Amino acid sequence: MSHTFTLDGKTISFEEGQTIMQAATKAGVFIPHLCYHPEFKPHGSCKLCTVKVNGRQTASCTMRAIAGMVVESDTPEINDERRTLTQMLFVEGNHFCPSCEKSGNCQLQATAYHLGMMSPHFDHFFPDRPVDASHPEVLLDFNRCILCSLCVRASRDVDGKNVFALSGRGIDTHLIVNAKSGQLADTNFTLHDKAAQVCPVGVILKKREGFAVPIGERSYDKQPISATVEAKQEGY
Amino acid sequence: MALNDRHAEAVAGIVDRVVTRYRRDPTCMVQILREVQEACDWISPEAIDRLQATLGVPRTKIEGVAGFYSFLYLQPRGKYRILFSDNITDRMHGNLTLMERLCSSLWIEPGKVSEDGLVSVDKTSCTGMCDQGPALLVNNLAITRLSEARIDEIAELVRSNTPLAEWPADYFTVEDHIRLPDILLGSQMAPGDALRAAHGRAPSDGLMSSNMRSWREGLPTGLGGPAAMLDEIKRANLRGRGGAGFTTGLKWEACRNAPLKSGQQRFVVCNADEGEPGTFKDRVLLTSYADLVFEGMTAAAYSVGARRGFLYLRGEYRYLLEPLNAVLERRRKEGLLGADILGIPGADFDIEIHLGAGAYVCGEESALIESLEGKRGTPRNRPPFPVTNGYLDQPTIVNNVETFAAAALIALKGGEWYASIGTKHSAGTKVLSVSGDCERPGLYEYPFGVSIRQVLADCGARDTQAVQVSGPSGICVGPAEFDRTIGFEDIPTAGAFTIFDNSRDMFEVARNYVHFFQHESCGFCTPCRVGTALLKNLMDKLHNGCGSPYDFAEIEKMNQLLQSTSHCGLGHTACNPVLDTIEKFRPAYEKRMTRKDFAPAFDLDQALAAARQMTGRDDPGAHIIAEEFGEGSA
């Protein structure tokens, strides 16, 4: 049996054990995502990468590819849902792009542009999430956390430090750090940790480096987020 | 300083004692945290220090787990921690008024701790006492049949700092209320009978347990007993009683056939995390039919080849822990648990009880397994399924309490007998937890196929406007559908049967359920975490008199998104009560439509209330009237 499936009508080949996301990415097809990162175990929580497999919706980052499956991704219906999910993430936290150092390098912002999000649509929750500026090198601005848990996975699986974890439940779920004081300064976190590099939004920021690259010249200012995957196709 | 040191020392002593009893095993985290809290009233930073040291796990893991469960506290919540059950049936019996009465009597606000640290009062999701509510939990022990007089007495007991052990025993009485028994609730089975019958049904060489075979049935003889037991379950056509109705025989067979890696074993888990608002049948089954449940689990273990089993008991049923442990101990003495059960070589099986700590989502089988492993109760990505990759990644069956009780009956009397009861696709009986507006709330057991109308007649319901079958995750039916029947062909149910008469406002029923889902969402996936919160805000907006057809459209949109993108069943069903009531009880919504197109949730005049209070003004000039700004009324 050939190892291929169709994605929006296009034939995609895959290797045994690959997820739909992995196979699509390798083939240069972009599926919007926030909690997925190729170097880490898939999480399946943001649901931005939802696709329709044989008529049923599922997260493409956790669903293994099966030969012959028919996958729909870039359809108006699914993109509408992705846009709504993105709006939900915007109103759940406090995301003020113009004042954010991550602007232009932020996956949430770039995904919103990609999906044509013109407004937050829902009433903002305006949660109260104090900033942690205790660490000499790194600032934690929890206001922008989308609970993707990439820092949790990176710190646990790569750094072997368990600096980050999620606590709370439901809408009160929040990021915590590994210190009795609850402060990053009291952990063994350093700027060289993998966890310092993976935040898709502006929660984990390097201090004293603001605007090193001016807004307008940043990653997603120059090309849309979809290009990060689609570029690979050309070299593939 | 010395006092602090002494405190830390005392806490460390408690933690050490608990951790040692659980063999320093981090997979017992939920149990350890619960017991530490029982001794210390909360999980203090000092307790976490010691847990971190003795369990060898990072602080983040401990705080992450403790933060997930409603009944575990990382902040002090008082020596008496009182939680009012807030199911719709508790509401109908005036729980909010009673809570207010207690709070004003104790001079505290709901959700806050008294200044002397003595007491906190708050609400919690349905505690499974719907037939004898309103109810509350004090330090996780249930008090039923609340009244104004009882609330005043409780206030006095708290004020006088009376130890819980000295509170009147009558408060803690939980009645069974068995109104209509059939094969299960009427069973007189003596402990061991079902196992003996199952064993006796095997061919003469069937003396060996499944534990002694290889996964490929490598042993040519001696397999009769377990295989025969499995055959009876299949013949019975038994389907899971948790609501989804998966075929039990297939589940057991898949687990039995799942390959084991070196050092692995199979597990049997009984899901007693009965959290669906309105259901309480498992509470009664575990109170008065525990032998039947444990015997069913043992028969399952015999059939799939498991050595260990867990009963995952919801935290709300904490009071059942000691009685259930006593039943297990008796069964061990009787040779019905432990090694070589009934003298069958290799038939080794024992059961441990794990208590939950207030998280409805743990009723989902993969979340339940996560919780059993001492983690946050987040549903797993599937596949793989628990039958192959369950508890600690080993083959595991998870079945409902009632399913195991039925399995014991099948072991005793055979599959054919069982299959002859009920309907073609729904064999056997179903135990219904009836509550709400009726004369005789309690348990009713019927063969599948019984009509809603019949149940209503039997329990003495009058002027019934609606029945919520299977709780908020289920379906709301109006009088036009009362001839519909209970069964997998028509209305499947986990057991809740909540009745509303004509005096009830079905919008408020739906709103209560929406608050429930918002509170119980695990928060893992975006659509459920944010969607249930948005839905709650929409329903509150209507409740506050700011409804419009726009809000209907938003609810519809939220439903679509939750159904198609949520991670688990909680998100998939969270909109059900709203959509059902919109469809069937539209007038309850219509009367909340204050505008033709759109009404903002933000009330300009209300926003000035604080300023009015501060300035001591309440003249017309200090008010803003919305109509003046060109809003057309409906």
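Author: Here are a few labels, each set against its cut-off. This is a predicted model, where local features need pLDDT of at least 70, side-chain atom pairs count only at pLDDT 80 or more, and totals for chains, interfaces and linings use all residues. Residues are numbered from 1 along each chain as its sequence is written, chains are lettered from A and ligands numbered from 1 in the order in which they are written, and side-chain values use heavy atoms, with hydrogens and water left out.

Reader: Why does the radius of gyration of chain A agree with a compact globule?

Author: The rule, over C-alpha atoms, is 2.2 Å times the number of residues to the power 0.38. For 236 residues that puts a compact globule near 18 Å, and chain A has 18 Å, so the two agree. The C-alpha trace spans about 55 × 40 × 35 Å along its principal axes.

Reader: What makes B:Glu364 buried or exposed?

Author: Buried means under 20% relative accessible area, exposed over 50%, partly exposed in between (1.4 Å probe, protein chains only). B:Glu364 has 17%, so B:Glu364 is buried. In chain A, buried residues make up 55% of the 236.

Reader: Which residues does B:Glu364 touch, leaving out those up to four places away in sequence?

Author: B:Pro379 and B:Arg382; a contact means heavy atoms within 4.5 Å.

Reader: And where does B:Glu364 lie in chain B?

Author: In the loop between strand S8 (350-355) and helix H14 (365-372). Helices (H or I, at least four residues) and strands (E, at least two) are DSSP runs, numbered from the N terminus. Chain A has six helices and nine strands.
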